[in-house]
Amino acid sequence: MPRRPFLQVATIAVIGVAALALSACAPETGGDAAPASPSAAATSASPTPIPTITPSAKPVTLPTDCRALLSADVLAQLGSTPLNDPAAGPSGTLDDGTLVCIWRDPAADTTGLVTRISAMDRGPALDMLNDLVATQGFSCYTPDDGTRCEKTWINDTYPVNDGRTLFWRDGVLIDTQYSNLAPTGYTASVIASIFPAATPSPTASPSPSA
């Protein structure tokens, strides 16, 4: 059984009495190609303990354009998938500044991808990510000066991969949930757009998926 790494987020070097033992569940295998099973993905590199991260002094502005967040390659992978169709639910920039991007054909049974980009302070982000690791088996690591947590599983109804990928940095949370639609480099493209000064993480990260 995989070892359980210790989670640290943002500037906290030691989480103290609130520390949680983190379980390293099967990381995503990336792209549109689903792994044969969740256990197959577990053979990839194990997440490393999350080091101290120093937040930037300048507040980050939340984006307002879903397409502008993505590279030409990611957009090509999404192809003709509808974006923010009204039938798919509330999307675009919400009243609180959150940007919701829904890539899905409303007529599709399961295939789709939803990203929410919102403001979240370090404390609530730490609590949420620790809970996902402790109770749902998410894996976390630290690319692009932030914290990324993720997990994939098999859809309850269809033989396709579902998954969720979260990235937190400098008060911004990128939260993507998807089913049978995980363009390679999707989250990395969003990160590079919001934090243009960030050094892109290697493609061979534990999860190059959505």
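Modeller: Of the protein's 210 residues, 46% count as buried. Buried means under 20% relative accessible area, exposed means over 50%, and partly exposed is in between, with a 1.4 Å probe and protein chains only. This is a predicted model, in which local features need pLDDT of at least 70 and side-chain atom pairs count only at pLDDT 80 or more, while totals for chains, interfaces and linings use all residues. Residues are numbered from 1 along each chain as its sequence is written, and side-chain values use heavy atoms, with hydrogens and water left out.

First, the layout. The protein has four helices and seven strands. Here helices (H or I, at least four residues) and strands (E, at least two) are DSSP runs, numbered from the N terminus. From that end, the order is α-α-β-β-β-α-β-β-β-β-α. Contact means heavy atoms within 4.5 Å. Among contacts with a separation of 6 or more, 59% join residues 24 or more positions apart.

Now the interior itself. A nonpolar core is a set of buried Ala, Val, Leu, Ile, Met, Phe, Trp, Tyr and Cys residues joined through side-chain atoms within 4.5 Å. The largest one has 22 residues, and Leu 69, Leu 70, Trp 103, Ile 117, Tyr 186 and Val 190 touch the most other members. At least two residues come from each of α2, β2, β3, β7 and α4. Helix α4 gives the most, with four residues. In soluble globular proteins, nonpolar side chains tend to be buried together.

So what does α4 bury? Helix α4 spans residues 186-194, and its buried residues are Tyr 186, Thr 187, Ser 189, Val 190, Ile 191 and Ile 194. An α-helix has 3.6 residues a turn, so residues three or four places apart point the same way. The buried residues of α4 pack against α2 (72-78), β2 (99-104), β3, β5, β6 (161-169) and β7 (172-179). Take Val 190. Beyond its neighbours within four places in sequence, Val 190 is in contact with Leu 69, Leu 70, Ile 117 and Ile 174. Apart from this core lies another, of 11 residues, including Val 133, Cys 140, Cys 149 and Leu 173.

Arg 148 is buried, with a relative accessible area of 5%. Glu 150 is buried too, because its relative accessibility is 1%. Their side chains make a polar contact at 2.7 Å. A polar contact is a pair of N or O atoms within 3.5 Å; within protein, one must be able to donate a hydrogen and the other to accept it, and residues adjacent in sequence count only if both atoms are side-chain atoms.

For contrast, look at Ala 119. Ala 119 belongs to strand β3 (residues 112-119). Ala 119 is exposed, at 61% relative accessible area. Leaving aside neighbours within four places in sequence, Ala 119 is in contact with Leu 62 and Gly 171.

Asp 145 lies between β4 (139-141) and β5. Asp 145 has a positive phi, near 60 degrees, though not a glycine. With 48% relative accessible area, Asp 145 is partly exposed.
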